[in-house]
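Please have a look at the sequence and the model below.

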Amino acid sequence: MTTTSATDDVLARARQRATPLRRALIAWFAREQRELPWRATRDPYAILVSELMLQQTRVDVVIPYFERFMQRFPDARTLAAAPEAAVLAAWSGLGYYRRARFLQAAAHAIVDEHRGAFPRSHDAILTLPGVGPYTAGAIASIAFGLPVPLVDGNVARVLARWFALDGDQRSSADQKRLWAIADALVDAANPGDFNQSLMELGACICTPRAPRCSSCPVARECDAKKLGDPERFPAAKPRKATIDVRLAVLAVFDAKRRIGLVRRAAGTRMEGMLDLPGLEIAADDDAASELARHARSAFRIDARTLELAGRARHTITHHRIAIEVWTATLGNGTSAKGSSVREPAPLGIAARPDAAGLTFWDPARLRAEGVANLAGKALRIVGIAHARHA
DNA sequence: AAGACGGGGAG
DNA sequence: CTCCCAGTCTT
């Protein structure tokens, strides 16, 4: 009731201001927009790749990944035909690795369900794996010029300031309101540029902290500025408590100086990526004995002479992980026969994410494999570089 | 509706 | 250190 009338009110204000906002924003965008690699094309596949990479990830981080990825997988058919390991390798260091599998699944859907032609309707785009309301709006408006809105973190903040919305943006009611406002504002004649200009404003001018209102092309239309404290909008999200985790991992080498790695299992984080064997332990656990026991029970490996090679810290979402990297030698009687230790299969076969065993890898071959940054830090401690791409 | 997911860069 | 980013999917 109250919500409905408040929504009606803000929608009326949005419609009132729509024309000046569109004009000012699009003119500003034409003048000031950053040159970004995915803005040089209207290829919907390229837009899809960029949008998946940009989910929860900053532009500056994405740029080199996008360029490498497009060079390696220039179209949906190439991506669909590629080994999953190659796709994960291209994603190494970018995070949210699930997105890489979604993207390849989307490529499969384009090839198998749309005969290789990128779907052109908003509804069809929305059915692609990894594509939610935001990404569908982005592809539909930017690549196909469809007059649909989009709301991402930037747009939500800009709208909250323009209309002085201080509700909880995560609530479904507020989400619905933001999308309704964006829908009322979107420029049907130029939806792609309008949507991008909204995001560009949020990224470059209307920043979370210290917004550059003096450079804002639409400052006159901003309710939050009139109220004197634009930074107050939107309301801050309650933060989650950080959880401390102690992680012990084992670096075990075979006679050829290959390192034993596991493939992250389905249903776990970093699924499909290579990782060092290891386990979470309690603060008062003895890491060496826990690792030895784990190696025996999980891999039938007789890990001996454990030594602490080094430590690293890694923070993911609200987990603060203290990593301990231990080296070990293999005791007598540990061999491929009678254990779950296996020779690495050729690329593509070794990439099966359900492979639970330990496989031994020549460090030089790891470049062609997905390794998350968490494992990358541990590998660096034992002298194996798997940088966030060279 | 809430939680999981990876990581980094800015302030 | 804290915040939060061109979000989506699962439970």
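Predicted model: local features only at pLDDT ≥ 70, side-chain atom pairs only at ≥ 80, totals over all residues.

Residues are numbered from 1 along each chain as its sequence is written, chains are lettered from A and ligands numbered from 1 in the order in which they are written, and side-chain values use heavy atoms, with hydrogens and water left out.

**DNA strand C**

DNA strand C is surrounded by 25 residues (a heavy atom within 4 Å counts as near). Leu 54, Thr 135, Asp 152, Asn 154 and Arg 239 are the closest.

The table lists polar contacts (pairs of N or O atoms within 3.5 Å).

| Residue | Protein atom | Atom of DNA strand C | Distance |
|---|---|---|---|
| Gln 56 | backbone N or O | phosphate oxygen | 3.0 Å |
| Asp 152 | side-chain N or O | sugar or linking oxygen | 2.6 Å |
| Asn 154 | polar side-chain atom | phosphate oxygen | 2.7 Å |

Helices H2 (44–54), H6, H8 (133–144) and H9 (153–162) each give two or more residues to this surface. Helices are DSSP runs of H or I, at least four residues long.

**Helices H5 and H6**

H5 (residues 84–91) packs on H6 (residues 98–113) at about 130 degrees, with the axes 9 Å apart. Contact means heavy atoms within 4.5 Å. H5 supplies Glu 84, Val 87, Leu 88 and Trp 91; H6 supplies Arg 99, Ala 100, Arg 101, Leu 103 and Gln 104.

Key. Axes fitted to C-alpha atoms, helices over the stretch in contact; angles between N-to-C directions. Polar contact = N/O pair within 3.5 Å; in protein donor to acceptor, adjacent residues only side chain to side chain.
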